[in-house]
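Hi,

Here is the structure I promised to pass on.

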Number of protein chains: 2
Amino acid sequence: MNITADMVKELRQRTGIGVMECKEALQESQGLIDKAIEILRKKGYARAKDKMSREAGEGIITSYIHMNGKIGVLVEVNCESDFVARNEEFKELVKNIAMQIAASSPRYVSSEEIPAAEIEQEKEIIKSQLKDMKKPPEIIEKIVQGKLNKFYEEVCLLDQPYIREDKMTVRQLVSSMIAKIGENIKVKRFARFELGKS
Amino acid sequence: MNITADMVKELRQRTGIGVMECKEALQESQGLIDKAIEILRKKGYARAKDKMSREAGEGIITSYIHMNGKIGVLVEVNCESDFVARNEEFKELVKNIAMQIAASSPRYVSSEEIPAAEIEQEKEIIKSQLKDMKKPPEIIEKIVQGKLNKFYEEVCLLDQPYIREDKMTVRQLVSSMIAKIGENIKVKRFARFELGKS
């Protein structure tokens, strides 16, 4: 197996361990990075654990606590430069997104995050609801797709109508800020806790 | 299948749907609550989705944002009464726990949350590190257990040394507040986001 300089570099960035050790581990793992990290750990290079998370751009993490601590939201929004991360308009956008999450309880950032099994289950439920409807299959299919879109609007943050201006979605809100600021902006992740709900 | 009043009551609490509908759904699901909820949803009782999360006591959700938005923590701590939830000492405890999470990056509340596969992998790594050690198996076993406890101290919030007083663990900190306030207190869950780390 030919271990390239790029592979060694990636492993070094992820583990902070020397060139020779990384090269050896990669030879042993036949070039598989994750395997190589495990090999390094087994050899006692404990640091290998700490740097496994990789750099992913600039941005800001903001929280929003609602109703005296009954609802809490944490959200990370990424942008390309620290300059934008410190921009007041960007900060306000992130605050508004946090409030959106508190008010509208999305479960995912976008539909790509929904597990395939959940979408399948939802489709099945929709089809059961329609089973007595006497319409051609292509019409049924359209209705199913429409109801599925409604489901996305409910559970996906980016597809939700924006609470402060419900003619636009949160996706459109983010896009308008991208256009204004000229930097890519991405809602990376969020957590929403509500007291007494799991 | 005999559907008891308790089963109907639980399904009603979880769905907010009428007695007769719940009873029928339970008969159809042979007494399985989750199945019954799905049946109700298929019949179009959309509300069945909203109330599936159950009541779990009082408490507070607090956030802590560190380093100008580079690290953010959200934590839910439960207690038994709203009276305690509004107590200043309780609020300070929760704030300190949030700061602990920001500083010490635990991954779980307690060791019970660690997936069995992860514990197995960790044990294997420890054993590999010790494989050249010439000691009786019972001594090796003790060393493995000791290293595993170290691992828990690293990744489990309750097992971590408390940042403000490292002679006590976070578990002991919580226990001392339970003794003082006379109400059960539980760290339910937390989220910790760090910019550029997944």
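**What I found**

Let's start with helix α2 of chain B (residues 19–28), where B:C22, B:A25 and B:L26 are buried; buried means under 20% relative accessible area, exposed over 50%, and partly exposed in between, using a 1.4 Å probe and protein chains only. These residues span an arc of only 100° around the axis, so they sit on the same side of α2(B); the arc is taken from the directions from the helix axis to the C-beta atoms. An α-helix has 3.6 residues a turn, so residues three or four places apart point the same way. Among the elements covering the buried residues of α2(B) are α1 (5–15) and α3 (33–42) of chain B, where contact means heavy atoms within 4.5 Å. Helices (H or I, at least four residues) and strands (E, at least two) are DSSP runs, numbered from the N terminus.

Some ground rules: this is a predicted model, where local features need pLDDT of at least 70, side-chain atom pairs count only at pLDDT 80 or more, and totals for chains, interfaces and linings use all residues. Residues are numbered from 1 along each chain as its sequence is written, chains are lettered from A and ligands numbered from 1 in the order in which they are written, and side-chain values use heavy atoms, leaving out hydrogens and water.

Next, the sheet. In chain A, three strands make an open, antiparallel sheet in the order β1-β2-β3; two strands pair if DSSP finds at least two bridges between them. β1 (58–66) and β3 (186–194) of chain A are at the edges with a single partner strand each, so one side of each has no neighbour in the sheet. β1(A) pairs with β2 (residues 71–79) of chain A over nine bridges, and A:G59 is opposite A:N78 in β2(A).

What about charges? There are 21 salt bridges over all chains, each being a side-chain nitrogen of Lys or Arg within 4 Å of a carboxyl oxygen of Asp or Glu. One of them joins A:D82 and B:K70, at 3.1 Å from N to O. That pair crosses between chains, from helix α4 (residues 82–85) of chain A to the loop between β1 (58–66) and β2 (71–79) of chain B. A:D82 is partly exposed at 28% relative accessibility, and B:K70 is partly exposed at 24%.

Cheers
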